[in-house]
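Dear colleague,

Please find below the structure that I am handing over to you. My findings follow directly after it.

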Amino acid sequence: MPNRAMQKSDKKSNPFKASFTAQHVIEAIGQRISKPLTFMEVCGTHTVSIFRSGIRSLLPEELSLVSGPGCPVCVTDQGEIDCAIDILDMPQITVATYGDMLRVPGTKSSLSERKSEGKDVRLVTSAAQALSIAENNPEREVVFLAVGFETTAPATAATVLEAREKNISNFSILSYHKQTPPVLEQLVQDPDLKIDGFILPGHVSVILGHNAYRFIAQKYKIPCAIAGFEPMDILLAIADLVFQHANGQAVLHSLYPRAVRPEGNQKALSMIDRVFTPCSARWRGLGEIPLSGYMLKEEFSSFDTLLRFQITLTSPPPPAGCRCGDVLAGHIRPLECPLFAKRCTPMTPVGPCMVSSEGSCSAYYKYNRGGESPWKKSHLATEVADD
Amino acid sequence: MSEGVIDEMCLAVPHTIEKFLGENKALANTGSVQVEVRTDLLDSVEIGDTVLVHAGFAIEKLEKDDSIELRALWDEIYQYAEQSHAKVR
């Protein structure tokens with residue numbers, strides 16, 4: 001143990017940087033937990049950070065973490081994926097999208113396979129890049145496959161506004177953007193799911209601010225903590241949720257003040273409001289959730305791929321045997337899926353949760369194939385071993 | 001994040017604004033890498049600001065990590081961690 005003078009000095013200067021502070025947080029969690037608790041980390045980036053840092057192995061046995069539907073690639077519905085793949089059969093089409101979307105298996109193929117067949121599929125890191133492709137290739141029809149939550153939707157909105165301002169008419173978007181609060185409300189109403197606290201997504205909260213989630217604590221009496229992405233940020237959020245239970249509280253705490261303002265990013269929110277209107281959206285495994293998507297407003301309908309090419313989304317079933325839907329709904333952990341690490345691996349993914357680096361199946365495969373933690377002999381791991 | 005691929009879609013990386021490149025565009029630095037970022041989503045950005053960049057767009061300026069909630073949480077953590085040490089001693 002470091003001496004107490006050093007503790008006080010480090011504590012004052014920057015508790016995030018002091019080497020011993022994680023130990024203190026874990027000890028305090030152990031002191032305060034008095035009953036089994038299950039917390040959901042909503043965001044896929046949190047899931048990866050939790051696995052990468054080994055946080056699960058440090059927590060008391062009474063505390064379980066379950067991953068939520070916060071991986072945008074994973075929650076994209078099978079029909080939405082199929083649409084992006086099938087549209088490549090039309091003449092002069094270029095599909096541009098973020099990296100992880102390329103390998104998600106559709107019903108018959110994937111964007112990556114279509115690319116290898118010679119179709120024009122471009123990988124971009126920003127919606128603005130997709131617009132540049134359209135600007136530089138006026139003979140092509142460029143379709144941007146827009147996925148992501150409230151963090152990503154403003155960038156798409158800004159790009160649509162730019163397309164209109166520059167009068168770029170060969171650019172359109174498949175808006176698969178999704179909203180976080182409605183899906184959380186659906187989860188807390190699920191009788192098969194018992195969540196004792198939410199670790200809320202830091203970067204979605206940068207845009208939304210605090211108020212968008214307050215209903216979870218106020219209406220459903222479930223403690224919430226907005227968290228950053230460093231291991232210590234996440235440990236603090238876990239400690240906060242444990243303390244709230246110990247103190248009989250259910251409130252929303254923002255533990256990521258270096259990035260999240262109480263009011264959110266008003267400019268980004270107004271950009272979303274200017275371009276999009278809330279609509280019903282299909283979520284993989286969770287079905288259709290009212291007002292959980294973003295569709296382009298009528299004045300921007302010329303940028304809507306579905307309207308431009310008169311396409312109707314289909315509703316194909318998920319791949320046979322794939323339990324991604326149950327994983328996303330928090331009903332099972334990846335280890336419980338019969339395909340996990342057998343037929344479904346990162347090299348040969350069956351479902352999107354194994355494709356995306358933010359997917360919980362991918363995270364379990366990479367960091368935690370053996371079970372919950374080295375000493376927590378999870379019944380899930382045992383079941384898989386016996387399979 | 002590997003080059004050209006967004007591995008984690010909700011990932012936002014701190015960058016320092018170094019130079020403006022015209023309306024809503026700036027050159028920003030993250031460690032040893034310089035990239036062009038869009039600043040449309042922020043009201044005002046200045047040279048030297050540290051911003052979070054997500055999917056090519058700066059989404060917020062980073063500020064000092066402090067709040068009443070965080071301070072209260074640290075106080076509670078130290079209170080219980082110290083009790084734990086007192087038991088061991």
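In chain A, among contacts between residues at least 6 apart in sequence, 75% link residues at least 24 apart. Please note that this is a predicted model.

Regarding the overall form of chain A, its secondary structure amounts to 18 helices and 11 strands. Along the principal axes, the C-alpha atoms of chain A occupy a box of roughly 70 × 50 × 40 Å. The radius of gyration of chain A is 22 Å, which agrees with the value near 21 Å that a compact globule of 387 residues would have. Of the 387 residues of chain A, 52% are classed as buried.

A:Ala239 deserves a separate remark. Apart from neighbours within four places in sequence, A:Ala239 is in contact with A:Val25, A:Ala28 and A:Ile29, and also with B:Leu73 and B:Ile77.

As to the contact between the chains, chain A provides 52 residues and chain B provides 38 residues. On the side of chain A that touches chain B, helix H2 (residues 21–32) gives the most, with 6 residues. That side of chain A is made up of 27 nonpolar, 17 polar and 8 charged residues.

With kind regards

Key. Residues are numbered from 1 along each chain as its sequence is written. Chains are lettered from A and ligands numbered from 1 in the order in which they are written. This is a predicted model: local features need pLDDT of at least 70, side-chain atom pairs count only at pLDDT 80 or more; totals for chains, interfaces and linings use all residues. Two residues are in contact if their C-beta atoms, placed from the backbone, lie within 7 Å. Helices (H or I, at least four residues) and strands (E, at least two) are DSSP runs, numbered from the N terminus. Ala, Val, Leu, Ile, Met, Phe, Trp, Tyr, Cys and Pro count as nonpolar, Asp, Glu, Lys and Arg as charged, and the others, Gly among them, as polar. The radius of gyration is taken over C-alpha atoms; the globule rule is 2.2 Å times the number of residues to the power 0.38. A residue is buried if 20 or more other C-beta atoms lie within 10 Å of its own, exposed if 12 or fewer, and partly exposed in between; C-beta atoms are placed from the backbone.
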